[in-house]
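Work through the exercises below with the sequence and the model open. Each task is followed by a solution in steps.

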Amino acid sequence: MRKSQHHGGNNAAQPRLLLVDDDEVNLLLTSIALRERGFVVTEAASGEQALDTLAGWQPDVVVLDALMPGMDGFDTCRELRKLPGCASLPVLMLTGLDDDASINHAYEVGATDFFVKSNQWSLLDGRLRYLLRSSRTRIELERSENSLARAQDLARMGSFEWFVGASAPDFSPQALRVFQREPDAQLSFGTLVRMLPKEDRRGKRAMLAETLETVAPLTRDIPMLLPDGLVHIVHIEATPETHESGELIGYSGIVQDVTDRWNAEHKIRQLANFDSLTGLPNRNQLIERTERALESARRMGHQVGLLLIDLDRFKIINDTLGHAAGDELLIEVARRLRSCVRHCDQVSDNQIDSMGARAFRTLEAVCRLGGDEFVALLPEVIEEHDAEVVANRILEQMRNPIHVGGQECFVSASVGIALFPRDGASVADLLRNSDVAMFAVKAQGRNAAAIYRPQLAGKGREKLELESALHKAIERDELVLHYQPKVDVRTARMVGVEALMRWKRGNTLVPPGDFIPLAEETGLIRPLSEWAIREAARQARVWVDSFGFSESIAVNLPSRMFDRGDLVELIHEAVVQNRVPHHTLLLEITENSLMKDLHSVIPSLHRLNEIGVEISIDDFGTGYSSLAYLTTLPISELKIDRGFIRDLGMTPQSSAVVTAIIALARSLGLRVIAEGVETRRQMEVLHRLGCSVMQGYLFSKPKPADEIEPWLKDTVLPKLTSWIGPAVTDESASDSTRQEPAQSRESKPAVSAQPQQRASNNAN
Amino acid sequence: MSATQNCGLDDEALRRVRGLDPAGRGDQLLRRLLCVFEKSIDRMLIQLEQARAAADAKAVHMVAHTLKSSSAAVGALALSRQCALVEQLTRESRLDEAADDVQKMIHEAEAAREAARRLVAQLETVADIA
């Protein structure tokens with residue numbers, strides 16, 4: 001029964017006990033009895049011996065006989081307490097006397113408890129177990145108090161309590177350390193208030209008075225000037241204690257130095273809410289501020305103005321001077337914009353502060369939306385004109401040149417204005433409509449401001465959406481090339497194809513007319529053209545492999561592609577990569593764009609020509625070609641504008657123009673091709689006039705790449721089409737059209753212009 | 001066990017001592033304790049003689065106190081009671097008044113020692129037989 005395990009509760013399975021008794025009989029008996037109950041007993045026959053033992057070893061508990069010859073139990077206990085580590089060692093004083101004097105004496109000398117000697121060992125055992133438990137609890141408590149104190153020190157935290165009527169809170173030593181005071185210092189309310197920055201004192205006093213009056217809990221971060229001469233942020237968290245009646249007894253809580261955390265949070269807020277380049281509030285912050293401004297405006301019934309400011313042609317500056325210069329410019333623009341409004345970096349959110357109900361005015365700011373887009377938020381606008389005044393101030397500020405990267409830059413801006421509530425009830429509506437107004441300014445020539453009008457919405461927005469979708473078209477693989485065959489009706493052969501771009505936007509196929517002009521306007525035409533060149537070369541390879549394609553693919557390029565220094569490399573790379581000859585690619589440039597940018601284009605044309613890439617002049621006849629130039633240009637082909645072909649056989653003028661073009665081409669040794677041929681009649685007239693190479697619906701619509709080979713197989717080779725019959729009979733002309741361009745410059749025309757012109761005239 | 005079997009020592013007290021060793025070595029423990037008790041009395045009687053000769057009431061008191069509890073432990077109840085009486089009388093240093101009772105305590109101590117000796121011998125016999 002009396003196994004040590006029986007006495008549960010004790011974690012130290014076998015508590016170590018020092019038994020001190022001068023009487024051998026008792027020493028023996030007690031020691032046996034306690035060993036039997038699970039104690040590890042060390043015996044000492046006198047007080048002196050006990051102290052010797054304790055000097056080198058520490059038991060969990062001491063049992064000390066009170067009356068002993070020599071040094072008695074009381075003296076022993078008093079001495080024992082002075083030994084290191086023995087201050088809180090549990091000591092049970094055994095006494096044969098149960099008189100009050102001995103008991104008091106025992107407590108006086110530091111005994112933990114007393115016990116009247118008896119043979120009831122289980123009672124002694126119980127008492128010892130109790131002592132051990134309470135001792136352990138006490139040790140744990142001390143440890144936990146120590147670690148709390150340490151933790152509070154580490155957290156720069158301390159506790160305090162205050163009772164109604166006291167002139168100073170009672171701070172723990174740790175709390176005093178937060179205030180950088182000695183552990184025994186007194187900190188009265190007066191001293192505490194004097195640690196606040198002067199301008200805060202009145203407000204904080206009021207806040208404190210209100211808290212006390214309403215018996216409210218208190219949670220505040222308070223800036224305080226501490227003895228180290230720095231302002232620290234002290235976090236105070238206190239809860240009231242009340243009588244059952246609700247009457248306030250006092251407060252208890254903690255104080256903590258949260259300066260570091262506060263600084264970190266400030267940094268985070270800064271990063272989250274401010275643009276790192278210009279230091280202006282960012283998009284997040286703008287949205288938050290605008291929402292609050294709208295809230296106030298709803299309550300107080302005024303208007304809010306949102307001015308969207310977009311720099312004109314910023315991209316050009318960025319591209320030509322570099323990003324560093326672009327950034328420098330944005331910083332200066334931000335600085336100027338800031339000066340145009342009552343810009344507040346920090347929003348006041350304290351209604352008790354001096355701003356009071358007008359706190360929304362601190363929302364006014366210029367924010368950077370991103371890129372070269374800024375927004376000015378005017379939280380209180382009385383009439384439309386107020387916003388216009390600010391917009392004009394902004395335009396005025398931009399007039400002075402900005403020095404960046406060692407250069408003077410002239411920057412202008414387009415400003416779109418939207419007013420709450422008239423132009424939108426939400427931040428998103430206002431932003432969108434200011435954007436529409438801004439876009440209208442851009443469309444009308446930039447460098448101005450416009451107020452949103454409902455009729456502005458629509459066209460501009462659609463266009464913008466189209467533009468942003470087009471931006472992604474390449475990466476999303478939405479572009480395809482379709483191919484329209486060029487045929488020589490005389491030989492009934494396909495002599496090449498023209499590549500035409502299509503945009504698969506969702507389920508619809510957008511025709512080039514709907515996006516090419518936009519692409520040209522926005523500069524997207526460059527990546528589009530690059531893609532087309534690579535894709536055409538790739539397709540050529542596919543056809544070479546599948547049916548021995550050896551003709552050319554014509555790719556349309558805008559003139560601005562030709563002033564790129566790397567166009568030649570681009571083409572070279574594309575054909576080499578796909579292992580097709582250079583002449584596989586033929587470039588078409590419209591007569592208009594060629595003539596417009598003639599000087600910048602010519603060098604490229606020569607270099608292209610040198611590597612074997614031929615040039616065709618598209619839409620020929622519509623522009624104002626300088627014939628003098630035409631003779632010197634390294635071009636290979638003229639493509640008669642479809643407008644003349646359409647009227648062919650209907651108006652004599654059109655056949656006159658066509659005849660003239662054919663003659664011109666012939667005399668310059670250029671090939672000539674007609675496009676937009678839709679009827680047999682047009683074909684026959686062209687043929688008669690001496691142009692046998694044609695392109696148009698009569699022969700084939702532009703087709704997806706994989707339909708070209710079947711078309712060749714099914715219609716051209718078996719000579720199954722209506723257009724083949726009459727043309728092939730004219731054997732005399734077939735030779736000259738097959739000749740190389742270089743030769744044809746010298747060669748005589750196979751069909752003279754004269755009879756053809758006549759034939760044409762006859763036909764009309 | 002009868003009183004004679006325990007040589008006049010208190011049954012209850014001896015039973016309690018024996019009960020301290022549950023492994024069945026109760027007699028062994030008792031024998032050891034009684035031997036310690038005998039020697040303790042030897043020593044106490046010498047101390048007592050010295051104290052009496054020196055008329056040291058405090059020393060007499062201490063002897064009575066010690067003997068009181070050890071004799072109670074082995075069941076020498078008459079000695080324990082006499083010790084208690086002497087302890088009481090000598091607390092206020094009234095050694096003269098206690099002279100008779102001290103003498104009586106010496107007799108009781110000698111008797112208790114004799115009882116302890118006899119019991120030890122008896123237990124050894126039992127142990128030998130066993």
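How many residues of chain A are in contact with residues of chain B?

The model is predicted: local features need pLDDT of at least 70, side-chain atom pairs count only at pLDDT 80 or more, and totals for chains, interfaces and linings use all residues. Residues are numbered from 1 along each chain as its sequence is written, and chains are lettered from A and ligands numbered from 1 in the order in which they are written.

Solution. Take two residues as in contact if their C-beta atoms, placed from the backbone, lie within 7 Å. By this test, 16 residues of chain A touch 16 residues of chain B. The chain A side divides into seven nonpolar, three polar and six charged residues. Here Ala, Val, Leu, Ile, Met, Phe, Trp, Tyr, Cys and Pro count as nonpolar, Asp, Glu, Lys and Arg as charged, and the others, Gly among them, as polar.

**Exercise 1.** Describe the make-up of chain B.

Solution. Helices (H or I, at least four residues) and strands (E, at least two) are DSSP runs, numbered from the N terminus. Chain B has five helices and zero strands, in the pattern α-α-α-α-α along the sequence. Of its 130 residues, 39% are buried, that is, have 20 or more other C-beta atoms, placed from the backbone, within 10 Å of their own.

**Exercise 2.** Describe how H3(B) packs on H5(B).

Solution. First, the geometry: H3 (residues 57-74) and H5 (residues 95-129) of chain B pack at about 35°, with axes 11 Å apart. Axes are lines fitted to C-alpha atoms over the stretch in contact, and angles run from 0 to 180 degrees between N-to-C directions. Next, the residues: H3(B) contributes Ala57(B), Val60(B), Ala64(B), Leu67(B), Ser71(B) and Val74(B). From H5(B) come Leu95(B), Val102(B), Met105(B), Ala109(B), Ala112(B) and Ala116(B). Eleven residues of this contact are nonpolar, one is polar and none is charged.

Definitions and conventions: A residue is buried if 20 or more other C-beta atoms lie within 10 Å of its own, exposed if 12 or fewer, and partly exposed in between; C-beta atoms are placed from the backbone.
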